[in-house]
Amino acid sequence: MSNDILFWIFAALAALLVGGSKGGVPGIGILGVPVLSQVISPVVAAGLLLPIFILSDLYGLWLYRKNYDTRNIIIIVAAATIGIAVGWATAQYNSDALVKFLVGSIGLWYAADLYFKSRRKVPAEARPADIPRGIFWGSLAGFTSFVAHAGGTPYQMFVLPQKLDKMTYAGTTTIAFSIINLLKLPPYWQLGQVNVGSLWTAAYLVPVALFGAWGGYKLTKLLPQKTFFRWVEIALFFVSLKLIFDAFRHWMI
């Protein structure tokens with residue numbers, strides 16, 4: 001695998017997307033596994049990318065050390081721990097296709113709801129970071145993040161309605177998923193998805209991911225807040241379509 005030029009091209013692109021997401025660019029991190037899955041198994045891709053997520057997280061933590069919402073982080077991480085535990089306990093039964101279809105359907109539903117509200121010119125009021133919704137969406141984020149690094153969509157369902165400012169949103173997202181990714185590492189190792197060989201391969205991709213994080217942070221700071229969240233919503237829509245497409249493609253094989 002490590003000598004395959006095509007593998008390294010897709011792996012570098014996946015690492016760049018992961019890094020960009022840690023820099024704050026919305027929605028692109030979830031594309032890492034689908035991109036790398038074009039040349040290797042999705043399960044292997046998820047295991048290979050986890051160390052890259054974690055090391056990129058360290059840079060993201062430094063970038064957003066002053067921009068975060070503590071309440072959201074506590075709620076999301078606590079709930080995600082439940083989802084990760086469920087994902088680990090049911091690992092042998094989990095279907096990548098089913099999870100992708102579920103996450104994609106949720107994302108499309110939310111994007112459609114935002115669109116029709118904007119057409120009706122219904123002003124959406126900010127919702128608080130309440131615990132019941134946080135437990136539901138956070139648990140789902142932990143589960144889908146464990147299975148396919150696809151926790152962003154359930155997370156957005158909880159956080160976007162709060163209407164945080166763009167830097168607080170980006171920082172909260174980066175810090176919350178930094179902790180979630182660390183929590184995923186022991187069960188990934190126990191399941192064999194992360195091993196010594198995958199760590200050596202990931203080490204070559206870390207510089208690409210760090211460059212992506214730096215570029216993503218610069219882009220996030222430059223974008224106006226309204227444009228930033230419009231990008232989030234558009235990315236959510238297309239990523240959701242991609243997940244549903246991948247699920248149906250798997251079922252039709």
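## Chatting through a predicted model

Modeller: Heads up, this is a predicted model. On its surface, Leu-13, Leu-16, Phe-211 and Trp-214 form a nonpolar patch, with about 390 Å² of accessible area together.

Biologist: Which elements give two or more residues to the nonpolar patch?

Modeller: Those are α1 (5-22) and α9 (196-222).

Biologist: Take Leu-16, then. Which helix is Leu-16 found in?

Modeller: Leu-16 sits in helix α1.

Biologist: And why does Leu-16 count as partly exposed?

Modeller: Its relative accessible area is 34%, and partly exposed covers what lies between under 20% (buried) and over 50% (exposed).

Biologist: Now Gly-23. Buried or exposed?

Modeller: Gly-23 counts as buried, because its relative accessibility is 0%. You'll find Gly-23 in the loop between α1 and α2 (32-36).

Biologist: What separation do the C-alpha atoms of Gly-23 and Ser-56 have?

Modeller: They are 8.6 Å apart, with the two residues 33 residues apart along the chain.

Biologist: New topic: α7 and α8. At roughly what angle do their axes cross?

Modeller: Roughly 135°, and the axes of α7 (residues 152-159) and α8 (residues 166-191) come within 12 Å.

Biologist: So what do you call that arrangement of α7 and α8?

Modeller: Oblique. Over 145 degrees would count as roughly antiparallel, and 65 to 115 as roughly perpendicular.

Biologist: Left-handed or right-handed crossing for α7 and α8?

Modeller: Right-handed.

Biologist: What about Lys-163, where is its place?

Modeller: Lys-163 is in the loop between α7 and α8. Its phi is near 55°, a positive value in a residue other than glycine.

Terms used:
Residues are numbered from 1 along each chain as its sequence is written. This is a predicted model: local features need pLDDT of at least 70, side-chain atom pairs count only at pLDDT 80 or more; totals for chains, interfaces and linings use all residues. Side-chain values use heavy atoms; hydrogens and water are left out. Patches are made of residues with over 30% relative accessible area and no salt bridge: like charges are joined within 9 Å, nonpolar side chains (Val, Leu, Ile, Met, Phe, Trp, Tyr) within 5 Å. Accessible areas come from the Shrake-Rupley method with a 1.4 Å probe; for residues, only the protein chains shown count as cover. A salt bridge is a side-chain nitrogen of Lys or Arg within 4 Å of a carboxyl oxygen of Asp or Glu. Helices (H or I, at least four residues) and strands (E, at least two) are DSSP runs, numbered from the N terminus. Buried means under 20% relative accessible area, exposed over 50%, partly exposed in between (1.4 Å probe, protein chains only). Axes are lines fitted to C-alpha atoms, for helices over the stretch in contact, and angles run from 0 to 180 degrees between N-to-C directions. Angles under 35 degrees count as roughly parallel, over 145 as roughly antiparallel, 65 to 115 as roughly perpendicular and the rest as oblique. A crossing is left-handed if the near helix is turned anticlockwise from the far one by less than a right angle, and right-handed if clockwise.
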